[in-house]
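Notebook open. I want to look up the charged pairs and the nonpolar core in this one.

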Amino acid sequence: VNGKPFGRAEAGIDMTFDFGTLVAHAAKTRRLGAGTIIGSGTVSNRGEDGGPGKPVSEGGVGYSCIAEIRTIETIRGGKPETPFLKAGDTVR
């Protein structure tokens, strides 16, 4: 975000339900035709202790969602520090 690393998450590692499980569950209640898109939402990696991971700036893999890091900042320090995106920000 704005030239600074935000996240290098490996989504397949810490997903609660893998995509095969998500597809099987969705297929129980509806037809899934060719081209159906299944989304998992954002997935971030756990820390070594099993808790939330660390920001890239602290040697972690970072996050997949600004709301997530803001929640973790609030739990750890009492208030969020990372701003939401605003006009003119860049994401790459």
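How many salt bridges does the structure hold? I find 2, taking a salt bridge as a side-chain nitrogen of Lys or Arg within 4 Å of a carboxyl oxygen of Asp or Glu.

Before going on, a note on the source: this is a predicted model, where local features need pLDDT of at least 70, side-chain atom pairs count only at pLDDT 80 or more, and totals for chains, interfaces and linings use all residues. Residues are numbered from 1 along each chain as its sequence is written, and side-chain values use heavy atoms, with hydrogens and water left out.

Entry one: arginine 46 with aspartate 14. I get 3.3 Å between their closest N and O atoms. Arginine 46 sits in the loop between helix 2 (19–27) and helix 3 (66–77) and aspartate 14 in helix 1 (residues 11–14), so this pair ties together parts 32 residues apart in sequence. Helices here are DSSP runs of H or I, at least four residues, numbered from the N terminus. Then I looked up accessibility (buried is under 20% relative accessible area, exposed over 50%, partly exposed in between; 1.4 Å probe, protein chains only). Aspartate 14 is buried at 15%, while arginine 46 is partly exposed at 46%.

Entry two: lysine 86 with aspartate 89. Their salt bridge spans 3.4 Å, N to O. Lysine 86 is exposed at 56%, and aspartate 89 is partly exposed at 22%.

The largest nonpolar core has 5 residues: Phe6, Tyr63, Ile66, Ile69 and Ile72. By nonpolar core I mean buried Ala, Val, Leu, Ile, Met, Phe, Trp, Tyr and Cys residues joined through side-chain atoms within 4.5 Å.

Notes
Helices (H or I, at least four residues) and strands (E, at least two) are DSSP runs, numbered from the N terminus.
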